[in-house]
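Here are some notes to read alongside the model. Have it open while you go through them.

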Amino acid sequence: MKKLLLFFIFLYSFNALSQEHAWVYLSDKPDSATALANPISILTQKALDRKAAHNVSVDFRDVPVDESYISVIKSQPGITVLSKSKWFNALHVIGDPVDITALNSVTVNGATIVSSIDFADDNFNSRQSQTQHQNKHNLEANLTNFTYGSAVNQTTMIGVEALHQHINNYTGSGMTVAVIDAGFPNVNTMNGFQRLRDNGGILGGYDFVDRNANVYAYTGSAHGTWVLSDMAGFIQDQFVGTAPDANYYLFRTENAPTETPLEESLWVEAAERADSLGVDVINSSLSYTTFDNPNYNYTPAEMDGNTAFITKGADIAFEKGILVVNSAGNYGNASWQIIGAPADAAGVFAIGAVKSDGTYATFSSRGSSAQPTQKPDVVAQGQASYIISTSDAVVTSNGTSFSSPILAGGIVCLWQALPSFNNAQIMQLVRESASQYNTPDYYLGFGIPDFSLALAEGLSVTEFQNENVNLKVYPNPVKNQLTIQIPSQFDEVRVRFYDVLGKKVIDTKVTAINQNINTSAITKGVYLVKIEAEGLAVTKKVIKN
């Protein structure tokens with residue numbers, strides 16, 4: 001089953017089935033102490049700043065794999081090194097099983113450098129828990145007015161326009177996203193990304209499959225181009241992505257004609273690169289379940305958030321402070337049915353798909369009791385989603401490949417508005433804003449989120465709250481009259497109402513004698529009510545019915 005989450009059939013050829021894939025875990029990193037003492041030597045300043053802002057420590061996993069160890073492994077008979085992972089301190093190799101097993105005896109300066117080997121084919125070994133490897137090292141102004149055109153439904157369904165149109169213009173500015181996908185042809189020339197290029201929004205990219213920096217050269221798949229358009233695309237009065245002003249790195253890890261375990265390792269490499277560059281959000285519209293060689297296949301029971309290499313890598317990305325958004329998959333109508341890796345990870349925000357009317361799209365992969373957390377997390381429009389094609393045409397396509405970036409763009413803008421929140425807090429805000437938060441299921445998860453509600457909730461909790469003051473605000477929800485019972489030590493307080501766009505709609509005072517505010521003139525919706533006096537600063541979220 002192909003992991004590109006579309007209903008396309010690919011013709012492929014693969015000449016390496018005679019060799020086995022394996023992950024070779026190394027015993028140590030000889031220069032780790034020196035690197036950790038000087039973290040700027042292994043991470044960018046933006047990465048260090050992001051980690052510091054979210055209390056994420058720099059640890060052994062941030063240190064690159066030792067190059068001398070890589071050279072020694074490469075020199076062994078019959079071994080080809082295809083990928084490396086600093087997080088796992090591991091190499092992805094192919095070769096004859098006998099040659100791979102022989103790596104257990106490789107030494108440098110008399111010391112064994114391989115701690116364990118995990119074959120992709122379970123016939124050669126029993127899968128090991130990755131924690132076994134980790135524990136060896138004791139790891140620890142002006143309103144934006146967009147005309148959304150064809151993209152209006154998929155944008156307004158989840159309330160992203162409230163972020164864009166907010167008085168502070170939350171359109172992704174200052175946030176950094178890594179798009180890990182299959183190919184990005186024409187992104188460097190299309191009119192649909194001209195605005196992004198003019199703003200310097202493409203920070204770089206890398207093709208991990210072909211091992212070169214020309215991420216636009218591969219033309220075998222335009223999947224990454226389509227996915228990027230749902231976040232960063234812009235055609236005046238015709239189309240607006242959900243995070244048009246964010247910065248982006250483009251990483252190709254998927255080789256469309258084939259399905260091999262190597263692609264899992266390349267994904268982890270890209271995530272590690274993203275972390276070192278200070279990326280805030282990863283969007284990944286990829287999924288892994290079965291392979292060209294059936295001996296490598298996962299089983300549905302192994303979609304348990306703990307087994308797949310890519311799943312374990314995605315959880316480390318979460319630990320590093322990155323918010324990973326991943327499409328749930330398009331297996332709902334297939335025999336597989338359930339969500340694939342890495343969306344099964346507890347630390348990954350798994351996105352299912354709905355139709356334009358908000359009802360379940362039957363192809364969308366479902367959650368399962370095998371998974372450690374509620375899956376999918378939430379949903380967005382994935383059936384008849386609008387994208388920009390490589391010829392700059394606005395067209396529709398189906399797949400959770402598109403509900404994922406549509407939703408990811410909203411998360412980027414929300415996090416821009418709430419920079420003090422960490423990745424877990426942002427994810428929870430979005431869950432709590434969703435349409436069936438109190439009654440989640442395996443089809444829609446917590447439901448369709450409303451980013452205007454998530455923003456209001458986030459802004460309300462970030463304001464200073466005076467917990468020692470006996471202040472009552474009722475009824476909530478309110479219709480025509482809100483009562484604010486102020487503490488006895490205050491003669492009066494100032495009360496201001498702000499809508500979800502940050503616009504002030506009421507500015508008045510409340511006294512001990514006159515505690516009521518007429519709310520009949522304001523429209524239905526969510527409001528932040530700021531109540532202030534000398535020594536008092538409280539913000540409440542109030543819903544007007």
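1. Start with helix α12 (residues 400–417) and helix α13 (residues 423–432): their axes come within 11 Å and cross at roughly 115°, in a right-handed crossing. I411, L414 and W415 of α12 make the contact (heavy atoms within 4.5 Å) with N423, I426 and V430 of α13. Those residues split into 5 nonpolar, 1 polar and no charged.

2. A word on the source: this is a predicted model, where local features need pLDDT of at least 70 and side-chain atom pairs count only at pLDDT 80 or more, while totals for chains, interfaces and linings use all residues. Residues are numbered from 1 along each chain as its sequence is written, and side-chain values use heavy atoms, leaving out hydrogens and water.

3. On to the open sheet, which has 4 strands in the order β2-β3-β1-β6 with antiparallel pairing (strands pair if DSSP finds at least two bridges between them). β2 (80–85) and β6 (114–119) are at the edges with a single partner strand each, so one side of each has no neighbour in the sheet. From one strand to the next, the twist averages 25°.

4. β2 pairs with strand β3 (residues 90–95) over 5 bridges, antiparallel; L91 in β3 is the bridge partner of K84. Helix α3 (residues 67–74) lies across β1 (20–26), β2, β3 and β6, running at about 155° to β2 (angles run from 0 to 180 degrees between N-to-C directions).

5. Just after α10, G278 has a positive phi of about 80°.

Note on methods: Helices (H or I, at least four residues) and strands (E, at least two) are DSSP runs, numbered from the N terminus. A crossing is left-handed if the near helix is turned anticlockwise from the far one by less than a right angle, and right-handed if clockwise. Ala, Val, Leu, Ile, Met, Phe, Trp, Tyr, Cys and Pro count as nonpolar, Asp, Glu, Lys and Arg as charged, and the others, Gly among them, as polar.
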